[in-house]
Amino acid sequence: MKRLHLERLANPQLLALAGVLLINWLLFPNFFRITWQDGRLFGSLIDVINRGAPVAILAIGMTGVIATKGVDLSVGAIMAVCGAVAATMVVAGYPTPVAVIAALAVGLACGLWNGFLVAVLDIQPIIATLVLMVAGRGIAQLITEGSIVTFNDPALIFIGTGSFLGLPMAAVIALVLMVLVTFLVRRTAIGLFIQAIGVNRAAASLSGIRSRMLLMLVYALSGFCAAIAGIVVAADIRGADANNSGLWLELDAILAVVIGGTSLLGGRFSIPMAVVGALIIQAMNTGILVSGFRPEFNLIVKAGMIILILLIQSPLAGRLFTGRLVPAKAARK
Amino acid sequence: MNIITKLAVAASLATALTSVSLAQENLNGLVVGFSQIGSESGWRAAETSVTKQQAEELGIDLKFADAQQKQENQIKAIRGFIAQGVDAILLAPVVATGWENVLTEAKEAEIPVILLDRGVDAPEDLYLSTVASDQVLEGRVAGEWLVAEVGEEECKVVELQGTVGSTPAINRKQGFEEAIAGHDNITIARSQTGDFTRAKGKEVMEGFIKAENGGAEICAVYAHNDDMAVGAIQAIKDAGLKPGTDIKVVSIDAVPDIFAAMAAGEANATVELTPDMAGPAFQALSAYLADGTEPEKFIITESKLYTPADDPQGEYDRRKGLGY
């Protein structure tokens, strides 16, 4: 049991996160300082989990899709659509729960549409989801009529900026979602089925897995997660920004999943590690903001860090790493 | 707000903005083509609605073409206008290069072309004039406001830049720096990009506040556009500080939401990027058609400063209907 515990601590994702946080601390000594203010925790570390939450939520859904050897490029656009739906509905006077449920339903419908294209029409996922990636933002702009729809509905704003036990609401939502989905795929056979489809869909179907329905399910889940992220982001800035909400976040979500150790070729996957991946990305972003680098270097710094993290995770580095630090694992292999 | 009220409000604002002089009567009944980039931002939507209202006021038959951010659509639209034999063309170019051929075609058809809010890389004789704001001046007006506001006090400014490498970000930064040069009490402590968006503006400001001792040492925030300022205001409030008092907020664009913040005492100043580019364009066109007066090649619109003394609630109500 103790050995297993050590192995977990030594996994490359958590080490990378610790490494990035350490660098942030070196650049900005107050990085780990957390204070209590206005009934909530306040500090750079809290910013990391708060700002990282939308990508973490997207990554939870994206992990399932990528595990089936698919990809969902439309999540950023779905965020924009769902944020626009929620915002325009509360502005139009609908009660907050109705607006939120409608936005979630729209996200689910978008996900089912992607699932239909991939599972039933057998279109390649990258093309199938590209449709909604392009069209979705246009739909969002139609809903908001090209402007930022600003709202003052306290209940909706709470979803983005409120706090629960001192933690930012967005982070709490991401955490609950992560636990629920992980529970769903690990305590039932669904996770195994998803993995089987990713490894070999034909073989999975022949062995009796209803691959069509499961594919629909993972894309629907991805759309649903995107809807949650879209509502959180809109609620955070008290407005639905159809042009910028979720822009390029699909790529951050895919990166989070990949950093989390899930292969783009499908198969083995880990939802908690994808969430850690999202936190690593955000820790870099927040680190850059507090470090005082010139903005011209943002992308270079980020690219360098990501290359480093992916190198650490490469099979060769992995062998070196486990061979030296955790001999038990290597011996077992 | 439904579309009819929107139009009504837009109409009333346009009336207020337009100084329809009698000299422009010669535009009545003319057909003018307007090739707009698209509707990527609220400001552009406002520019479109102001242009349409201006045209209606002057009795101009405006042919509107939305290019959806594509140059080939704009070129097609201009060729279409030439084929229809319009009397003049307004063009808001999506990019600076690649206009020579189509502008030459317009010139050969003797149709004057006026460029709105952006310039092009083409020989000057191919178009009548460019109506645009001076972005360096916008930054300078914002900086001068801050210089006057703080006087001799020490002031640490944090800057929210626009998208890295974009022309407005470079120019608005330069103008602000020019204005505070020589005032050693004002220093830019931190500068990062907020990509012109509300969400990034908020995130970057959160980082600045943590980095500058909980925000206690920040005297003012200068944002290259109002959207980022609105995000920054939320971040300041979340940190338990008072935007507008503890940290002064100055930004550029004058969109409705910044006036709402100003009315609530949470923003201190904004410099207007007027959506009324068509007004000066029609004036120049009128003079040109009347007696061949060649207008200036670069007509600069006013960069007006708005502070809480300028009836922010009224400005908010007036602008809300313009599609910002």
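This is a predicted model: local features need pLDDT of at least 70, side-chain atom pairs count only at pLDDT 80 or more; totals for chains, interfaces and linings use all residues.
Chain B contains an open sheet of 6 strands in the order S2-S1-S3-S4-S5-S11, with parallel pairing. Its edges are formed by strand S2 (61–66) and strand S11 (298–300), each of which pairs on one side only. From one strand to the next, the twist averages 20°. Within this sheet, strand S4 (residues 113–116) and strand S5 (residues 129–132) of chain B run parallel and are joined by 3 bridges; B:Leu115 stands opposite B:Thr130 of S5(B). Helix H10 (residues 278–291) of chain B lies across strand S3 (88–91), S4, S5 and S11 of chain B, and runs at about 160° to S4(B).

Strand S8 (residues 220–223) of chain B pairs in the parallel sense with strand S6 (residues 155–161) of chain B over 4 bridges, and B:Val157 stands opposite B:Ala220. S8(B) is also joined by 4 bridges to strand S9 (residues 248–253) of chain B, again in parallel, where B:Ala220 stands opposite B:Lys248.

The contact between the chains takes 27 residues from chain A and 28 residues from chain B. On the side of chain A that touches chain B, the elements giving two or more residues are helix H3 (44–67), helix H11 (211–237) and helix H13 (271–291) of chain A. By class, this side of chain A has 7 nonpolar, 13 polar and 7 charged residues.

Note on methods
Residues are numbered from 1 along each chain as its sequence is written. Chains are lettered from A and ligands numbered from 1 in the order in which they are written. Two strands pair if DSSP finds at least two bridges between them. Axes are lines fitted to C-alpha atoms, for helices over the stretch in contact, and angles run from 0 to 180 degrees between N-to-C directions. Two residues are in contact if their C-beta atoms, placed from the backbone, lie within 7 Å. Ala, Val, Leu, Ile, Met, Phe, Trp, Tyr, Cys and Pro count as nonpolar, Asp, Glu, Lys and Arg as charged, and the others, Gly among them, as polar.
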